[in-house]
Amino acid sequence: MYLTKRSHHAVTVMLDVMLHSQNETFVRLSDIAQRHPISVSYLELLFTFLVKASLVKGERGPRGGYKLGRSPNEIPVAEIIRTVDRQMNLEQCANDDCQHSLCISNALWESLGAEIESYLSNVTLADLAIKKI
């Protein structure tokens, strides 16, 4: 499966926010950057997507930062990935001049992609936190 680093980072930071924003406190990007090898400027880009999708809420000011926009039980991993990457791509052929509609293995990759999408749609942040996967 082809998942970008952006997808991996987005899931990681969403878990970080969930774990560190207890009791309605906000998590600062600088704190996330210290816990993970991700620059603050890159985190700002990721959080732009996450806020727009209402996956997180932002608050400005000295006590500001980010917290989840919904309950962890209501945030599937697939939604996080689609928010930052728009699609999970398995149908990318190794052959640059492939005629996709004629590719004999295309049905396999489409089917596998649908299975992975379905699986990730049923795994929530809460599941990841309690390792219920």
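Me: Hi! Which residues does asparagine 73 touch, leaving out residues up to four places away in sequence?
Reply: Asparagine 73 touches Thr124 and Ala126, where contact means heavy atoms within 4.5 Å. This is a predicted model, so local features need pLDDT of at least 70 and side-chain atom pairs count only at pLDDT 80 or more, while totals for chains, interfaces and linings use all residues. Residues are numbered from 1 along each chain as its sequence is written, and side-chain values use heavy atoms, with hydrogens and water left out.

Me: Where does asparagine 73 lie, and is it buried or exposed?
Reply: Asparagine 73 lies in the loop between β2 and α4. Helices (H or I, at least four residues) and strands (E, at least two) are DSSP runs, numbered from the N terminus. Asparagine 73 has a relative accessible area of 55%, so it is exposed. The cut-offs are under 20% relative accessible area for buried, over 50% for exposed and in between for partly exposed, with a 1.4 Å probe and protein chains only.

Me: What separates the C-alpha atoms of asparagine 73 and threonine 124?
Reply: Those C-alpha atoms are separated by 5.7 Å, with the two residues 51 apart along the chain.

Me: And threonine 124 itself, where is its place?
Reply: Threonine 124 is in the loop between α5 (106-121) and α6 (125-129). Threonine 124 counts as buried because its relative accessibility is 11%. Not counting residues up to four places away in sequence, threonine 124 touches Pro72, Asn73, Ile75 and Pro76.

Me: Next topic, α6. What is alanine 129 in contact with, leaving aside neighbours within four places in sequence?
Reply: Alanine 129 is in contact with Leu15, Met18 and Leu19. Alanine 129 has its place in helix α6 and counts as partly exposed, at 36% relative accessibility. From C-alpha to C-alpha, alanine 129 and leucine 19 are 7.9 Å apart in space, although 110 residues apart in sequence.

Me: Can we zoom out a bit? How many helices and strands does the protein have?
Reply: The protein has 6 helices and 2 strands, in the pattern α-α-α-β-β-α-α-α along the sequence. There are 133 residues, of which 35% count as buried. Of the contacts with a separation of 6 or more, 64% are between residues 24 or more positions apart.

Me: Which residues of α4 are buried?
Reply: In α4, Val77, Ala78, Glu79, Ile80, Ile81, Thr83, Val84 and Asp85 are buried. With 8 of its 9 residues buried, α4 is largely enclosed by the rest of the structure. The cover over the buried residues of α4 includes α1, α3, α5 and α6.

Me: Which residues of α3 are buried?
Reply: Leu43, Leu46, Phe47 and Leu50 are buried in α3. In general, residues three or four places apart on an α-helix point the same way because there are 3.6 residues a turn. What covers the buried residues of α3 includes α1 (5-20), α2 (29-35), β1 (56-59), β2 and α4 (77-85).

Me: What span should α3 have?
Reply: At 1.5 Å a residue, the 13 residues of α3 should span 18 Å, and the end C-alpha atoms are 18 Å apart, which agrees. The expected span of a helix is 1.5 Å times one less than its number of residues.

Me: How many aromatic pairs are there?
Reply: The structure holds 1 aromatic pair. The rings of phenylalanine 47 and tyrosine 66 have their centres 4.5 Å apart and their planes at 40 degrees, so the pair is tilted. Rings of Phe, Tyr and Trp (its six-membered ring) pair if their centres lie within 6.5 Å, and planes under 30 degrees apart count as stacked, over 60 as edge-to-face and the rest as tilted.

Me: Which parts does that pair tie together?
Reply: Phenylalanine 47 is in helix α3 (residues 40-52) and tyrosine 66 in strand β2 (residues 65-68), so the pair ties together parts that are 19 residues apart in sequence. Phenylalanine 47 counts as buried, at 1% relative accessibility.

Me: Last one: what phi does serine 54 have?
Reply: Serine 54 has a positive phi of about 60 degrees although it is not a glycine. Serine 54 lies in the loop between α3 and β1 and is partly exposed, with a relative accessible area of 43%.
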